[in-house]
Amino acid sequence: MTVPLVIVGCGGHGREVLTIASAVNAAALLPRWQVLGFVDDRPNEVNLKRVQRHDVPYLGGVSWFSGAPADTHHVIGIGDPRVRRAVAERIDRYGIPAASLVHPNATLGSDLRHGPGLVVFAGARVTTNVTLGRHVHLNQNCTVGHDCELADHVSVNPLAAISGDCRLEEGVLVGTTAAVLQGLRVGRDSTVGAGACVVRDVPASVVVKGVPAR
Ligand SMILES: CC(C)(COP(=O)(O)OP(=O)(O)OC[C@H]1O[C@@H](n2cnc3c(N)ncnc32)[C@H](O)[C@@H]1OP(=O)(O)O)[C@@H](O)C(=O)NCCC(=O)NCCS
């Protein structure tokens, strides 16, 4: 089965998502993604040139979806959770379904539930009894332990470690190499800085950083 796919966002994250679709196809996994191109409302010249090097066209802004071919799916290649949420809400108005992409070199354990738009990069590890919301992005070599719940639009950046039984509320970003210790909760739209170690619950809409994170 081949499914037409459009990647939203010409930046580095979007082009990395293209590499996941290519890896899925190279591994002969199903569905096979037919990448129609990139959509971006404000692509810059540098990123447009980088997209061209992949031999995948730039299609236009988000309004391109109004005339999308039947069965077109989208995946959002935007790393910032809050921007991703805003873009997802716009695309939902066009009724274009979100695809989930999992790199063949990632591992997803047993008893996993996830919403549409999940993106799992190479080397990411998810263990067991994990719930992932819509448009969750698990970046390269991050880990998500047992019994975790990650709500919609959460981003876990490269090498970050989410210990068992944690709850990350909607829109949380966990920076690269950060750790969230077991059983903790990070509140909606909060950011855990790169390299931080979270040792107690984090309220909503704050930035914490350092070891221990404050
Ligand atoms: C924590 C973070 C969100 C703060 O961003 P910000 O509010 O724009 O912070 P600024 O760059 O203005 O820096 C403010 C202060 O915090 C410090 N700081 C920034 N990030 C820090 C971090 N991760 N850990 C510790 N201190 C940090 C700065 O040195 C600066 O200190 P100063 O006031 O003594 O000079 C950001 O630095 C971060 O870590 N984001 C995650 C990035 C990431 O994961 N990137 C990978 C992408 S794949």
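**Loops, sheets and ligand surroundings in a predicted model**

Visitor: Is Asp 189 buried or exposed?
Guide: In this predicted model, Asp 189 has a relative accessible area of 17%. The cut-off for a buried residue is under 20%. Asp 189 therefore counts as buried.

Visitor: Where does Asp 189 lie, and what is its phi?
Guide: Asp 189 is placed in the loop between β19 and β20 (191-192). Most residues other than glycine have a negative phi. Asp 189, a residue other than glycine, has a positive phi, with a value near 60°.

Visitor: Which loop holds His 135, and what is its relative accessible area?
Guide: His 135 is not a glycine, yet its phi is positive, at about 55°. The residue belongs to the loop between β10 (130-132) and β11. His 135 is buried, with a relative accessible area of 1%.

Visitor: Which residue does a cis peptide bond join to Leu 30, and where does that residue lie?
Guide: Most peptide bonds are trans. The bond from Leu 30 to Pro 31 is cis, with omega about 0°. Pro 31 lies in the loop between α1 (12-26) and β2 (32-39).

Visitor: What is omega for the cis peptide bond between Val 211 and Pro 212?
Guide: Pro 212 is found in the segment after β22 (207-208). A cis peptide bond joins Val 211 to this proline, and omega is about -5°.

Visitor: Which strands stand at the edges of the open sheet of five strands?
Guide: The strands of this sheet follow the order β7-β10-β13-β16-β19, with parallel pairing. An edge strand has a single partner, so one side of it is left without a neighbour in the sheet. The strands in this position are β7 and β19 (185-186).

Visitor: In β16, what is the bridge partner of Glu 149?
Guide: Strand β13 (residues 149-150) and strand β16 (residues 167-168) run parallel and are joined by two bridges. Within β16, the bridge partner of Glu 149 is Arg 167.

Visitor: Which strands stand at the edges of the open sheet of six strands?
Guide: The order here is β6-β9-β12-β15-β18-β21, and the pairing is parallel.

Visitor: In β15, what is the bridge partner of Val 144?
Guide: β12 runs parallel to strand β15 (residues 161-162), and two bridges join them. In β15, Val 144 has as its bridge partner Ile 162.

Visitor: Which residues does Gly 109 contact, leaving aside its neighbours within four places in sequence?
Guide: Gly 109 sits in the loop between β6 (107-108) and β7 (112-114). Its relative accessible area is 29%, so Gly 109 counts as partly exposed. Leaving aside neighbours within four places in sequence, the contacts of Gly 109 are Val 126 and Thr 127.

Visitor: What is the relative accessibility of Asn 139?
Guide: Asn 139 is part of the loop between β11 (137-138) and β12 (143-144). Not counting residues up to four places away in sequence, Asn 139 touches His 13, Glu 16, Phe 121, Ala 124, Val 156, Asn 157 and Pro 158. Asn 139 counts as buried, with a relative accessibility of 6%.

Visitor: How are the planes of the aromatic pair Trp 64 and Phe 65 arranged?
Guide: The count of aromatic pairs comes to one. Trp 64 and Phe 65 are 5.6 Å apart from centre to centre, with 75° between the planes. Trp 64 is partly exposed at 23%, whereas Phe 65 is buried at 2%. Planes over 60 degrees apart count as edge-to-face, so the arrangement of Trp 64 and Phe 65 is edge-to-face.

Visitor: Which residue has a side-chain N or O atom 2.9 Å from an oxygen atom of the ligand?
Guide: The residues surrounding the ligand include Asn 157, Pro 158, Gly 175, Thr 176 and Ala 194. Polar backbone atoms of Thr 176 and of Ala 194 each lie 2.8 Å from an oxygen atom of the ligand. The side-chain atom at 2.9 Å belongs to Asn 157.

Visitor: How far apart are the end C-alpha atoms of residues 5-91?
Guide: The unreviewed UniProt entry annotates residues 5-91 as "domain: PglD N-terminal". Over this stretch the chain is 39% helix and 22% strand. The end C-alpha atoms of residues 5-91 are separated by 13 Å.

Conventions: Residues are numbered from 1 along each chain as its sequence is written. This is a predicted model: local features need pLDDT of at least 70, side-chain atom pairs count only at pLDDT 80 or more; totals for chains, interfaces and linings use all residues. Side-chain values use heavy atoms; hydrogens and water are left out. Helices (H or I, at least four residues) and strands (E, at least two) are DSSP runs, numbered from the N terminus. Buried means under 20% relative accessible area, exposed over 50%, partly exposed in between (1.4 Å probe, protein chains only). Contact means heavy atoms within 4.5 Å. Rings of Phe, Tyr and Trp (its six-membered ring) pair if their centres lie within 6.5 Å; planes under 30 degrees apart count as stacked, over 60 as edge-to-face and the rest as tilted. Two strands pair if DSSP finds at least two bridges between them. UniProt positions are given in the numbering used here, feature names are shortened, and annotations may be inferred rather than shown by experiment. A residue is near a molecule or strand if one of its heavy atoms lies within 4 Å of it. A polar contact is a pair of N or O atoms within 3.5 Å; within protein, one must be able to donate a hydrogen and the other to accept it, and residues adjacent in sequence count only if both atoms are side-chain atoms.
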